[in-house]
Amino acid sequence: MAGGPVTAPPFALPAIHFAATLVWLVVATAMLVVLAPRLAEGRTFDPPVFALVHVLMLGVVGSAIFGTLQQFVPGGLGVPLRSVRLGYWGFGLLQVGIVLLVGGFWWWRGTAQGLGWLFIFAAVGAVSRNVLRARRHSVNGKLVGLYITVAHSALGAGMAIAFARLGETLGWWQVDRMALLSAHALFGAVGFGTLSAIGVGSRMLPTFLMGPGDDTRWLHWHLGLTTTGLVVYGASAVLASGIGMRLGSVLLLAGGVLTVALAVRWFRRKRRPLDAALQHVASSFLALGAAVLVAGWLLVGNAYAFNQWAALLVALVVGWLTTLVVGVMAKILPHLAYNNLARSLPGFNALGSPNRLLREDWQHASVLFLGAGWMALVGSLMAAAPRLALVAALVWSVGVAVVVANHVRMVVLGRTPQPNPTMVAGAS
């Protein structure tokens, strides 16, 4: 049956992941407003900064990726999940793990950090068992399955590095702190986040843009370059080899350039104007381009300019991955909600179209504020300007407020009878 029609999981499974994504996005935004001035001052090793990065990477990006995969693998690759119950277990373990880990970082409690990583490791195991069989069993999606497999392997390697760092915190051994922290961040943002996004996006985005094409050779080069760069950089970080880390950086930079080139290729083939959700996606790829420029600047400049490392992380995690998550959610969640709930919720049924569930004008406002926010934040961190960084974080927070309000409004609409769709102002 692989590659054919497969029963999709219950809507509740991806829905709770996306709901958690929005909750963690609010938490991350509040933390970013507090911590943006510290990042501009180069205080990237402050424990609350670690908490913020993991709220974004695991709470926002991780929840969204896991929710998307457990919907996409059956629907897009034609491979059923092993167990829906396992999906719910993975969700619960992940959320408990994030709470423990973030609390452990914020108050700097090694025991809480260790327990958090154990829960997250169990969550990754549950999700992996559910989705990684796609690589073997999918008829038309083996390359996407390979991307997903490598991305999960990168997440596992990143967690192994985290345990090594935790051992140093507890005084068990000595490691090169900066080298392992940089490797941990890259395995998360590039290995897990970016490879998951490009693997799944290579099927989703051409569909959204109505611009099909054969990207197989490009994707093989992209996956090979990025994976090799991660392996070289990670091994060199463990061995404290500066030359090896620079070589790995060059390979990762080449992979980043190829990622941007893939995006240009997809958007040039588009056969429809960009709606607000796809404008978020376009903004996210601009942020990825900014990350490539910042990474190149670090490679040829001062590798100990910690405010610039903060700018790189913000470009990768806030600008690229988080903005991409917002755009993809706005594209797929209304359709999932409408297709599954229109019969039971009077408001959805009355509207008559999933495209009316999110206000288009609110989405355009969120594109503006989120885009201006990440751009100003990256610029202020590069310039080491704490006050400007605070303003940029506040601008970003306005965009997040609009995004969350739009999704909350969608839920309220579903539960509210709408006898005449034209009465819903601005819905179309």
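So, the largest cavity has a volume of about 620 Å³. By cavity I mean a set of points, on a 1 Å grid over the protein atoms alone, where a 1.4 Å probe fits but cannot get out. Points are joined across faces, edges and corners, and the volume is the space filled by probe spheres set on them. This is a predicted model, where local features need pLDDT of at least 70, side-chain atom pairs count only at pLDDT 80 or more, and totals for chains, interfaces and linings use all residues. Residues are numbered from 1 along each chain as its sequence is written, and side-chain values use heavy atoms, with hydrogens and water left out.

Helices here are DSSP runs (H or I, at least four residues), numbered from the N terminus. Two or more lining residues also come from each of H2 (47–77), H4, H6 (142–169) and H11. In total, there are six cavities of 30 Å³ or more.

Now the largest pocket, at about 720 Å³. A pocket is an open set with protein on both sides within 12 Å along at least five of seven lines. Of its 31 lining residues, Leu186, Tyr233, Met245, Ser249 and Trp309 are the closest to the centre. Here H9 gives the largest share, nine residues. Helices H7 (177–209), H8 (216–239), H10 (276–300) and H11 (306–341) each give two or more as well.

Technical notes: On a 1 Å grid over the protein atoms alone, a cavity is a set of points where a 1.4 Å probe fits but cannot get out, and a pocket is an open set with protein on both sides within 12 Å along at least five of seven lines; lining residues have an atom within 4 Å of a point.
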